[in-house]
Amino acid sequence: MNQDNKIGIIYAAGAYLLWGFLPAYWKLIDQVPPDEILAHRILWSFIFMIIVVIVVQKWYLFLKECIIILNDKKKLTGITFASIAISINWLTFIWAVNNEHVIQASLGYYINPLVSILLGMIVLKETLTRGQMLSFLLAAVGVINLTISYGVFPWVSLLLAFSFAIYGLLKKTVDVSAMFGLTIETLIVTPIALIYLLSIPDSSLAADSMFSSFGLLLFGAGVVTAIPLLLFASGAKQIPLSMIGFLQYIAPTIMLLLGVFVYQETFSLAHFISFALIWIALIIYMASAHRSSVRLKEKN
């Protein structure tokens with residue numbers, strides 16, 4: 001393993017560690033409604049990213065990228081829908097954390113790679129290996145088991161999984177760097193977020209609110225959104241895709257541990273069976289992906 005690989009692993013692992021502990025941050029401001037937290041997250045992410053773009057002296061490249069996207073209907077449509085998908089994901093996650101559904105959120109991010117496989121098959125006409133098909137079926141059985149056991153459809157988990165998978169799929173249609181991508185995505189929805197915040201009586205955007213310790217936490221919502229994404233973008237360029245596939249389970253594992261041991265959420269036998277089925281599905285999926293990678297290398 002060379003130095004670039006090591007640095008890449010540190011960056012990517014750092015991103016997933018931060019994502020894993022993100023529920024703890026939303027708990028600090030859980031007295032604010034999720035939709036208001038989302039508006040702050042969008043607004044301050046955009047402002048933080050603009051500062052980053054200026055500091056790294058890429059302002060003119062950013063403006064050039066914006067002009068290219070504005071003149072390309074396909075790219076503009078793709079990044080607009082991507083911004084909507086990630087906003088839905090963020091809102092669902094914040095709501096889940098602040099309504100004692102951290103375990104469900106964890107389940108959603110375990111399912112996410114398997115949902116991405118399904119979307120790839122449906123939208124991109126990708127073919128599934130037997131291992132991938134078995135993985136998807138086991139995950140489906142896990143979700144059905146939870147639904148039958150509790151009589152409640154695990155919509156939080158599935159909405160998180162599908163919204164993030166759709167976001168990833170849409171990002172494939174727009175060839176733009178992570179830095180510029182996040183800046184443009186938040187730029188698109190920032191006017192809506194700002195209008196919403198200004199329309200709230202006793203808005204948390206008021207000067208006396210924003211300069212309080214609580215106001216700084218709301219501003220920090222943008223920072224804790226942007227930093228992991230920037231770390232991930234830097235790390236992903238320097239390590240193999242298979243390593244990213246392994247590291248991505250750090251975040252939902254931390255969320256699961258937080259939900260069970262810190263926030264004392266119920267983790268029943270039904271939960272254990274469903275999680276076990278999904279863990280087995282992910283092991284089969286990763287083994288199948290590894291075999292496919294080995295075969296491809298042998299052919300080349």
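## Conventions and model

Helix axes are lines fitted to C-alpha atoms over the stretch in contact, and the angles between N-to-C directions run from 0 to 180 degrees. The model is predicted, with local features requiring pLDDT of at least 70 and side-chain atom pairs counting only at pLDDT 80 or more, while totals for chains, interfaces and linings use all residues. Residues are numbered from 1 along each chain as its sequence is written, and side-chain values use heavy atoms, with hydrogens and water left out.

## Packing of H3 against H8

Helices here are DSSP runs of H or I with at least four residues, numbered from the N terminus. H3 and H8 pack at an angle of about 60°, their axes lying 11 Å apart, and the crossing is right-handed, the near helix being turned clockwise from the far one by less than a right angle. Leu61, Phe62, Glu65, Cys66 and Ile69 of H3 meet Phe180, Thr183 and Ile184 of H8, where contact means heavy atoms within 4.5 Å. By class, this contact has six nonpolar, one polar and one charged residues; Ala, Val, Leu, Ile, Met, Phe, Trp, Tyr, Cys and Pro count as nonpolar, Asp, Glu, Lys and Arg as charged, and the others, Gly among them, as polar.

## Helix H8

The 22 residues of H8 (residues 178–199) should span 32 Å at 1.5 Å a residue, and the end C-alpha atoms are 31 Å apart, which agrees; the expected span is 1.5 Å times one less than the number of residues.

Among the buried residues of H8 are Phe180, Thr183, Ile184, Val189 and Leu197, buried meaning under 20% relative accessible area, exposed over 50% and partly exposed in between, for a 1.4 Å probe and protein chains only. The cover over the buried residues of H8 includes H2 (34–55), H3 (59–70), H4 (73–98), H7 (155–171) and H10 (213–236).

Just after H2, Gln57 takes a positive phi of about 60°.

H12 (residues 250–262) has 13 residues that should span 18 Å, and its end C-alpha atoms are 17 Å apart, which agrees. Its buried residues include Ile254, Met255 and Leu258, and Gln264, which follows H12, has a positive phi near 55°.

How values were computed: Helices (H or I, at least four residues) and strands (E, at least two) are DSSP runs, numbered from the N terminus.
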